[in-house]
Amino acid sequence: MLDLDALMAEAKRVLDEGVVEMVIGFKAGDTPLHPQPAFFTSSEEIDQLAYNALCQNNLATYLTRFPKTQKIGMLVRGCENRSVNALVFEGQHPREGLYLIGIPCEGIIDWRKIVEQTGEEVISVVEQSDNTMLVEARSGYFTLEKHSLLHESCARCIHPNPISADIVIGDLLPEGDPALAREQVAAFADLPVEERHAWFRQEAERCIRCYACREACPMCYCEECFVDHISPRWTESGTTPAGMQGWHIVRAFHQTGRCTSCGACERACPMDIKMTYLTEKLNDDMRRKYNFEVGLDAETPTPFSTVTLDDKSRFVV
Amino acid sequence: MSETPKLVLFQCQWCLFAPSDQEWVDTQLPENIHLAKVPCTGRINPLYLLNAVQGGADGVMVSGCLPEQCHFKTGNIAARRQLDEFSDFLNYIGYEKDRIRFLWLDLQDRGIIQKELAAFEAQITTLGPAQNLATRVSETAGGANA
């Protein structure tokens, strides 16, 4: 469990001492299941700061929405820290202008899994120290095992600890197992081609093109997305099969070597479309082919932004 | 399969040294092969491949210069990294990897493009038509195509 007081004290300190102009964190949202991102500019506001396992946004998304000259403090978990590193590498914010308050993350809870068991009218959610969640709902009290509620991408998380935070609040957690992430990709890749395509089509055809996945993703920061581009029109922009499939294919592909597997896209999707099986496949390829994992530092170039002549032996026909 | 397969050839404009070969590609390409000539394979956005695939191509061939002989130094290798991964990715969701072929064309070789295209066409003929990702509404069919 996180020491929230220590977190608030540190956030207050950096604001008071002028280390940063703003701290990006979470505060309680409209319902107990949805704490929401919050932007604190003075230490008095920090009292509203809240953090629990239901904080599902990737805060690094907001980094690119503020001027590069602004000094920003940010709560970062493992995946957020790596997203920040990737954004720093891509020149989206200078590292000197950032103060990262690290939180070792035990995994984000999928609120949909709570609602499945308790019904939609949840009154309060309390995180207990014995790895359970006490949920009070209209239909009664529930004590739910935390591990069974984890979001899928958190259940197979490899780096739960912030890597390059300026300060870490709490004890570091054991690293995850890359084999877990590999397992899912390998299982899917072993299916016959028709089944793979049937799954892909079934997921893509529910898409309503709201682009919530794009907005939730820290790496989707283009001023103009390829789907919004009018001339030339890169892909169909309606909810036609070609348009929906094209969006899912290319959105995922643009994350190659940049995706930190945080799963924010999937959590943001109102249609509950599975997407991480696509990006996990690309991440897995980057790990195997180029021995590259994004965000471990802010210097190593991504495989697609660099070339080496060693490749010629790999691609000989 | 009774019909001849529909192929798309992405060709780097520098990779065919022999004028007769280039002329054959420019003027005598069989009708089932759609030619997209690019300044370098590095110019090929993966979206081009996706457009070909969604538009109903049964096979896509990308021909570029040998490594170290790229007109723009490293365009072909940079492209290959992306396009190779993209074809892997399309394979993952249902467009067989055998349907996308990359060629390094040696400047010295004559007649190689004809041979390779014939071999590729034979391979695609045995695979049959690709329907999995061919989702685009054809322009002649009308409907929501924008």
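Why is strand β4 (residues 98-102) of chain A largely enclosed by the rest of the structure? Select β4(A): 4 of its 5 residues are buried, so the rest of the structure largely encloses it. Buried means that 20 or more other C-beta atoms lie within 10 Å of a residue's own, with C-beta atoms placed from the backbone. Strands (E, at least two residues) and helices (H or I, at least four) are DSSP runs, numbered from the N terminus.

Before moving on, note that this is a predicted model: local features need pLDDT of at least 70, side-chain atom pairs count only at pLDDT 80 or more, and totals for chains, interfaces and linings use all residues. Residues are numbered from 1 along each chain as its sequence is written, and chains are lettered from A and ligands numbered from 1 in the order in which they are written.

**Stop 1: the strands beside β4(A)**

β3(A) and β4(A) pair in the parallel sense over 5 bridges; pairing takes at least two bridges found by DSSP. Find A:L75, which stands opposite A:I101. Now follow the chain from β3(A) through helix α2 (residues 78-89) of chain A to β4(A): this β-α-β crossover is right-handed. That is, with the strands pointing away from the viewer, the path from the first strand over the helix to the second runs clockwise.

Next, select strand β8 (residues 167-168) of chain A. It pairs with β4(A), again parallel, over 2 bridges. Here A:G102 has A:V168 as its bridge partner.

**Stop 2: the nonpolar core**

Select A:M74, A:I101, B:V53 and B:V60. Of the 93 residues in the largest nonpolar core, these touch the most other members. Such a core is a set of buried Ala, Val, Leu, Ile, Met, Phe, Trp, Tyr and Cys residues joined through C-beta atoms within 7 Å. Helix α3 (residues 75-92) of chain B gives the most to this core, 8 residues.

**Stop 3: A:M244**

Go to helix α9 (residues 241-253) of chain A, where A:M244 sits. A:M244 is buried, with 23 other C-beta atoms within 10 Å.

**Stop 4: where the chains meet**

Show both chains. The contact takes 31 residues from chain A and 32 residues from chain B; contact means C-beta atoms, placed from the backbone, within 7 Å. On the chain A side, α9(A) has the largest share, 7 residues.

Conventions. Buried ≥ 20, exposed ≤ 12 C-beta atoms within 10 Å, placed from the backbone. Contact = placed C-beta atoms within 7 Å.
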